[in-house]
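Hi,

Here is the structure I promised to pass on. Have a look first, and my notes follow below.

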Amino acid sequence: MVVRCALRMPVGWTAVFATVSLTLAVCRADDADGVPQPQAAIARAARAVVKVYGSGGVRGLEGYQSGILVSPEGRILTAMSTVLDSADVECVLDDGTRHRATLLGADPRRELALLAIDATGLPSFALEPADAVPVGTRVIALSNLFAVAVGDERVSAQRGVISAIVPLQARRGAAEAPYAGDVYVLDCTTNNPGSAGGALVDSRGRLVGMLGKELRSTTSGIWLSYALPAAELVRGVAAIESGTIDAETVEDARPFDPGRVGAILVPDLLDRTPPFVEAVVRGSSAERAGLRPDDLVIAVAGRSVGTRGALQRELGRLPAAEPMRLSVIRDGAIVEIDLGPKPRVEERPRREDER
Amino acid sequence: MTTARMLRAVVALTSVCLLVTLDGGALYGVDAVDRDVLTAEARRVASIRRASATAVAIFAGEAGGGSGVLVRPDGYALTNFHVVQPAGPAMRCGLDDGRLYDAVLVGLDPTGDVALIKLLGRDDFPTAEFGDSDLVQPGDFCFAAGNPFLLATDLRPSISAGIVSGVHRYQFPAGTILEYTDCLQVDAAINPGNSGGGLFDADGRLIGVNGRASFEKRGRVNVGVGYAISARQLRQFLGSLRGGRLVDHATLGATVASSADGRVVVSDILESSDAWRRGLRYDDEVVSLAGRPVRTVNAFKNVLGTLPAGWQVPLVYRRGTERAEVLVRLAPLHAPAELAAIVAGDRRPDRGPGRPAPDDVPGRPETMRPPPEDMPAAVRAVHDPRPGFTNHHFNVVERDRVAAAIAAARRPPAGPWRFGGTLAESGDFRIEVDDTVVSIELPTGRSTLDPRGDLDAAADPPGSGGLLAALALWRRLSTGGPADLGSTTYWGTAPLYGSPLAPADETATASPPLLDVLESAVAGVLARFFVDDGGAVVGIDLWLDADADPCEVRLAPPADDGLPRAIVVRRGTTPFATFLVTPDGEGR
């Protein structure tokens with residue numbers, strides 16, 4: 001029950017859970033039984049972690065990061081970043097060999113990029129649909145942080161525990177992270193230069209996730225150490241390989257104005273304008289769904305929104321196929337409204353006041 | 001809204017309850033804890049307790065402070081150069097026993113960021129046992145014991161645990177010094193103040209000295225990336241540091257680069273270097289150095305960075321299909337004045353504009369603090385700074401220790417030494433060494449020397465580079481001790497290769513035994529004497545001219561009559577002769 005609650009807690013609450021999960025990890029006797037020493041797992045898993053070099057090199061914008069081999073034929077999954085904004089991306093494998101990499105495609109929502117190098121018979125991670133590992137799992141982060149390892153030097157290993165599984169609410173500078181699904185929050189510092197794209201493995205060396213980019217929590221401003229779960233990596237790779245990544249995915253990451261389905265919000269005049277519905281367009285999906293003027297939206301798909309801006313961001317993050325479920329307060333009671341999936345094209349109902 | 005609040009309250013309450021429950025041990029009752037876990041816990045507790053007793057909290061007043069680790073029962077402790085520089089030559093150190101001790105600076109290695117200090121007042125300090133840093137691998141449990149953020153106001157160390165993240169790491173010099181080569185990378189929290197403290201393995205053995213961390217956007221706090229100077233490097237410099245010296249790191253006189261096919265090749269070489277004289281040339285592939293393989297440029301820097309200047313080590317190189325193995329002498333990285341200026345802080349390390357700044361050294365100061373006016377008498381008595389030394393007092397201590405060992409060892413008789421035998425090459429020889437005459441008879445002729453005058457022209461017998469002079473000084477050291485040898489200092493410790501009884505594969509080991517070395521500037525020449533554990537002189541290097549190859553004499557340990565049964569003499573790469581000494585009487 002507690003863990004289930006933890007799943008939905010925003011990042012600001014993770015400190016509490018970090019403490020709990022750490023304590024759990026220390027106390028769990030069964031972990032010590034039959035779990036191999038990390039040395040072997042590190043030695044095995046690190047062979048499938050690569051050093052990625054590309055554009056950058058100015059302060060705050062490093063020209064290097066990490067990546068993981070996801071097929072013996074040289075497919076490398078890494079974080080989509082400015083490092084890859086170069087025709088000259090080079091991957092250095094664990095054995096020190098250097099390979100020119102080509103960009104096969106990218107998943108802008110998960111910020112994943114798939115690279116290919118011309119090589120075969122490489123050690124690689126099995127990328128299979130897998131259940132999320134539970135909070136409290138001991139993990140090892142493998143990456144080329146600070147570009148400490150060069151040539152055939154082994155990437156760096158850090159140990160940690162999955163402190164929480166929460167939706168990502170983070171930003172880079174002023175920009176919000178486009179991905180807002182669940183991530184593993186780690187108790188070790190992995191938000192270092194060069195860590196992004198590194199592997200998160202369990203104590204047997206199996207891939208659990210990929211280390212995320214350097215992001216700060218939008219709630220607390222603290223730097224986040226997190227990883228994208230393996231299941232998301234599988235989806236990301238599938239999307240890239242099948243070519244279903246299109247402009248729409250990117251657009252989804254942008255704020256969505258519910259006015260497009262007929263729910264006109266109060267003008268955004270204040271810093272924290274509450275998301276009151278000002279008007280509902282006649283004949284629109286909003287009207288059909290039962291939304292009424294003066295409704296106050298408090299949550300989107302179960303995630304609380306306090307401002308007009310937050311409401312639009314939450315709607316923007318919803319996957320294209322997912323219905324826009326709003327919780328609104330009307331006459332002191334909570335009413336659930338289902339606006340249906342976001343429209344692909346603009347709804348053009350005639351508005352009363354449009355005359 | 002209300003629902004969400006309630007949910008939060010429930011979660012928070014439940015967390016608190018969970019913590020309480022766990023503390024009570026009821027959830028996973030003590031009985032349920034696996035025996036292995038309890039054993040592992042007990043082992044860890046014992047290791048940390050042992051290590052804590054050796055942890056030194058160094059306080060330097062307003063200048064900060066740091067950590068150290070005791071390595072000898074008479075109080076010698078290792079720490080960082082950048083910790084003692086602001087502390088100055090006299091400091092107060094706290095131990096886990098809650099007591100404060102006076103301490104004095106003994107030796108400095110500014111390039112390697114290492115310093116040796118000595119705590120005074122006891123000869124039964126708890127000490128850390130050295131582990132083998134070459135056996136450490138990523139994932140090994142490790143912990144640091146030190147004084148992060150100078151929290152140890154009760155003098156008891158803070159422990160931070162983690163794993164080894166990487167081994168054989170190379171970290172560029174911060175400015176012009178403090179290069180971290182072949183270091184251990186750990187995710188155990190290394191924070192400002194941890195500098196100089198010990199890094200220990202699961203059994204509490206000392207595998208390194210923490211000194212550096214990668215910092216970045218969050219300022220000077222740990223981000224899971226700390227670096228420790230390896231136990232190997234510390235052991236290799238410890239002898240020179242104990243001798244109160246200002247120790248320098250080494251250069252081969254050649255630089256290397258990666259070739260297109262991934263080999264490490266010589267990209268530049270000084271013709272004045274020993275490596276050049278031993279035959280190394282441009283484009284030669286460096287295969288190994290000091291018994292350790294060189295497969296990358298970083299590996300070369302790593303091996304070289306752990307070696308003190310002046311050591312003679314094996315170098316294997318390849319040219320085409322031809323493989324050569326030579327012994328090469330390493331030159332100092334700095335001029336003596338340059339090194340002294342760095343210590344004094346006259347020379348500020350410049351961080352060029354192209355130098356990224358994620359790497360930093362905790363609390364690195366700029367100048368060496370002068371000794372305080374009110375230096376405690378106990379410290380004053382053992383503090384003697386002199387040019388070229390950190391603390392000359394300890395050089396005298398070590399020199400006298402070695403001299404006493406020589407005096408107590410089996411030596412040739414006090415009267416004239418006369419012995420003979422056969423040359424391994426062919427023919428017989430006779431040698432006579434007395435206070436007034438040294439002579440040698442070889443199949444090629446007889447050479448004599450009057451050892452009472454200057455020796456700088458004494459190159460006889462021809463081709464030996466000064467064997468007669470070396471024999472004369474050997475006798476002086478053996479019969480009269482360092483007092484008869486002009487200006488003699490303790491040089492430190494070094495390996496000795498090419499001795500008569502050495503195993504054929506001695507150059508293949510990366511950890512050769514280290515011998516005490518005395519250095520004498522006498523009668524216009526420079527000589528170094530290698531002294532083994534038993535006080536026997538087993539090697540002599542003698543320079544008639546500082547820029548030329550020395551005469552190298554390697555002696556087997558003495559037999560009952562005090563004389564070695566075999567002596568190998570060579571100069572540079574050229575063997576001169578191998579003398580097989582006939583047992584007592586036969587040769588007289």
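Predicted model: local features only at pLDDT ≥ 70, side-chain atom pairs only at ≥ 80, totals over all residues.

Let me start with a pair in chain B: Phe143(B) stands opposite Phe200(B), which belongs to strand E10. That strand covers residues 198–201 and runs antiparallel to E7(B), with four bridges joining the two. Strands here are DSSP runs of E with at least two residues, helices are runs of H or I with at least four, and both are numbered from the N terminus. Two strands count as paired if DSSP finds at least two bridges between them.

Residues are numbered from 1 along each chain as its sequence is written, and chains are lettered from A and ligands numbered from 1 in the order in which they are written.

The domain assignment, automatic or taken from a database, gives domain 1 (45–249 + 333–373), domain 2 (250–332) and domain 3 (401–581). The centres of domains 2 and 3 of chain B, taken over C-alpha atoms, are 28 Å apart. Their contact involves 13 residues from domain 2 and twelve residues from domain 3, where contact means C-beta atoms, placed from the backbone, within 7 Å. On the domain 2 side, strands E18 (312–319) and E19 (322–329) of chain B are the elements that give two or more residues, and E19(B) has the largest share with three residues.

Most residues other than glycine have a negative phi, and most peptide bonds are trans. Asp460(B) and Pro461(B), however, are joined by a cis peptide bond, with omega about -10 degrees; Pro461(B) sits in the loop between strand E25 (445–449) and helix H10 (467–480) of chain B. Asp182(B) is not a glycine but has a positive phi of about 55 degrees. Asp182(B) is in strand E9 (residues 180–186) of chain B and counts as buried because it has 24 C-beta neighbours inside 10 Å. Asp283(B) has a positive phi as well, about 70 degrees, but lies in the loop between helix H5 (274–277) and strand E16 (285–289) of chain B. With 13 other C-beta atoms within 10 Å, Asp283(B) is partly exposed.

Finally, chain A has a closed barrel of six strands in the order E1-E2-E3-E6-E5-E4, with antiparallel pairing. Within that chain, E4 (residues 89–92) and E5 (residues 98–107) pair over four bridges, and the bridge partner of Val89(A) in E5(A) is Ala101(A).

Cheers

How values were computed
Contact = placed C-beta atoms within 7 Å. Buried ≥ 20, exposed ≤ 12 C-beta atoms within 10 Å, placed from the backbone.
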